[in-house]
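The briefing is arranged by topic.

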Amino acid sequence: MLYLPLIAGFLILFIEYKTGKRKNKWHHSILPLLLLYVIITIDLGINYSSNSGFNDGIAMTGLISRVVILTDRWSLQLFKEYYLTSMLLTVLVFIVYFVLYIIETFRSE
């Protein structure tokens, strides 16, 4: 479920590139995807950190966590796995955003 926004975002960018319907810069199109992943990562991080202490049980505390983690078999390892995957994808999208920003800045000069 975490890969779905990433695939959809890059598919939209690819279609815009092939059809030539670019009205703004590339990094402006990546920014909503980056913000979405930052929100998902923060929510999963809150969920993981609230369950990693000494609690009586495991519970979903985040709002987006219920949508991202669709299984009922919750475990601390599952929360950690989803959080680390989300963190990796957020860093990947940030790197793509930063590279596109640098390229477009140098091209406009």
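The points below go from the overall fold to the helix packing, the cores and then individual residues.

The structure is a predicted model. The chain contains four helices and zero strands, and its pattern along the sequence is α-α-α-α. Of its 109 residues, 27% count as buried.

**Packing of H2 against H4**

- Two packed helices are described by the angle between their axes and the distance between the axes.
- Helix H2 covers residues 26–51 and helix H4 covers residues 76–108. Their axes come within 8 Å and cross at roughly 155°.
- Angles over 145 degrees count as roughly antiparallel, and H2 and H4 are therefore roughly antiparallel to each other.
- The crossing in which H2 passes H4 is left-handed.
- The residues of the contact of H2 with H4 comprise 22 nonpolar, seven polar and two charged ones.

**Nonpolar cores**

- The largest nonpolar core has nine residues in all: Leu6, Leu13, Ile30, Leu33, Leu34, Tyr37, Leu89, Val93 and Tyr97.
- Helix H1 (3–19), H2 and H4 are the elements that give two or more residues to this core.
- H2 supplies the largest share of this core, with four residues.
- Another core, of seven residues, lies apart from the largest one. Ile40, Val68, Leu78 and Phe79 are among its members.

- Leucine 13, a member of the largest nonpolar core, is found in helix H1.
- The relative accessible area of leucine 13 is 9%. Because buried means under 20% relative accessible area, leucine 13 is buried.
- Leucine 13 and serine 29 are separated by 16 residues in sequence, and their C-alpha atoms are 7.5 Å apart in space.
- Valine 93, also listed in the largest nonpolar core, is found in helix H4.
- Valine 93 has 0% relative accessibility and therefore counts as buried.
- Between valine 93 and leucine 35 there are 58 residues of separation in sequence, with a C-alpha to C-alpha distance of 9.6 Å.

- Threonine 41 lies in helix H2.
- With a relative accessible area of 7%, threonine 41 is buried.
- The side chain of threonine 41 makes a polar contact with the side chain of threonine 90, at 2.6 Å.

- Lysine 80 belongs to helix H4.
- The relative accessibility of lysine 80 is 34%.
- Lysine 80 and glycine 45 are 35 residues apart in sequence, and the C-alpha to C-alpha distance between them is 8.4 Å.

Methods: Residues numbered from 1 in each chain as written. Predicted model: local features only at pLDDT ≥ 70, side-chain atom pairs only at ≥ 80, totals over all residues. Heavy atoms only, no water. Axes fitted to C-alpha atoms, helices over the stretch in contact; angles between N-to-C directions. Parallel < 35°, antiparallel > 145°, perpendicular 65-115°, else oblique. Left-handed = near helix turned anticlockwise from the far one by under 90°. Nonpolar A, V, L, I, M, F, W, Y, C, P; charged D, E, K, R; others polar. Core = buried A, V, L, I, M, F, W, Y, C linked by side-chain atoms within 4.5 Å. Buried < 20%, exposed > 50% of the residue type's maximum accessible area, 1.4 Å probe, protein only. Polar contact = N/O pair within 3.5 Å; in protein donor to acceptor, adjacent residues only side chain to side chain.
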